[in-house]
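Please find below my notes on the model under review. They begin with the chain as a whole and then turn to a single residue.

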Amino acid sequence: CARMGSRDGAEPLSIYSRWYLYAIHGYFCEVMFTAAWEFVVNRNWKFPGVTSVWALFIYGTSILVMEKMYLLLRGRCPLLLRCLLYTLWTYAWEFSTGWLLRQFNACPWDYSPFDYDFMGLVTLEYALPWFCASFLVERVIVRNTLRLRYEGAGEGG
């Protein structure tokens, strides 16, 4: 009889399951960030958080790439350097996906009101938040997601 909580025979989550978790995480964080931003800037106590359905693909794919970077770099370079690389990746991915979506008039963000934006698709004002987010993604999201296991159906079920 297998013990409850045992990892015997448990399989790591598939790439699709991990992508899904990363997508939902990013989507949730985007909604919470925009709600907090709306409160800080406009003192809106309704906390209206917004995002686009494109955020699911953007965050899911980006964090999956960060997972691969983590697995390749974790024993080779220090944490702060990894976070810098994640931040650079985030800027490249945000610019690329924004540029592509803009071709279809579907880009949900516009940073052109910011002082240090580039083509309205990225802004240096978000460098510190992206750096901090990359730290949390590695230390909390990716590391814990990689520990998750799927045990499948139990006996008789």
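**Notes on the predicted model**

1. Of the 157 residues in the protein chain, 32% count as buried (under 20% relative accessible area, with exposed over 50% and partly exposed in between; 1.4 Å probe, protein chains only). The model is predicted, so local features need pLDDT of at least 70 and side-chain atom pairs count only at pLDDT 80 or more, while totals for chains, interfaces and linings use all residues. Residues are numbered from 1 along each chain as its sequence is written, and side-chain values use heavy atoms, with hydrogens and water left out.

2. The protein chain contains 4 helices and 4 strands, where helices (H or I, at least four residues) and strands (E, at least two) are DSSP runs numbered from the N terminus. Their order along the sequence is β-α-α-α-β-β-α-β.

3. The C-alpha trace spans about 60 × 40 × 30 Å along its principal axes. Among contacts (heavy atoms within 4.5 Å) between residues at least 6 apart in sequence, 64% join residues at least 24 apart.

4. E67 lies in helix α2, which covers residues 54–73. E67 is buried, its relative accessible area being 0%.

5. Beyond its neighbours within four places in sequence, E67 is in contact with R18, Y22, V142 and L146. With Y22, the E67 side chain makes a side-chain polar contact at 2.6 Å (a pair of N or O atoms within 3.5 Å; within protein, one must be able to donate a hydrogen and the other to accept it, and residues adjacent in sequence count only if both atoms are side-chain atoms).
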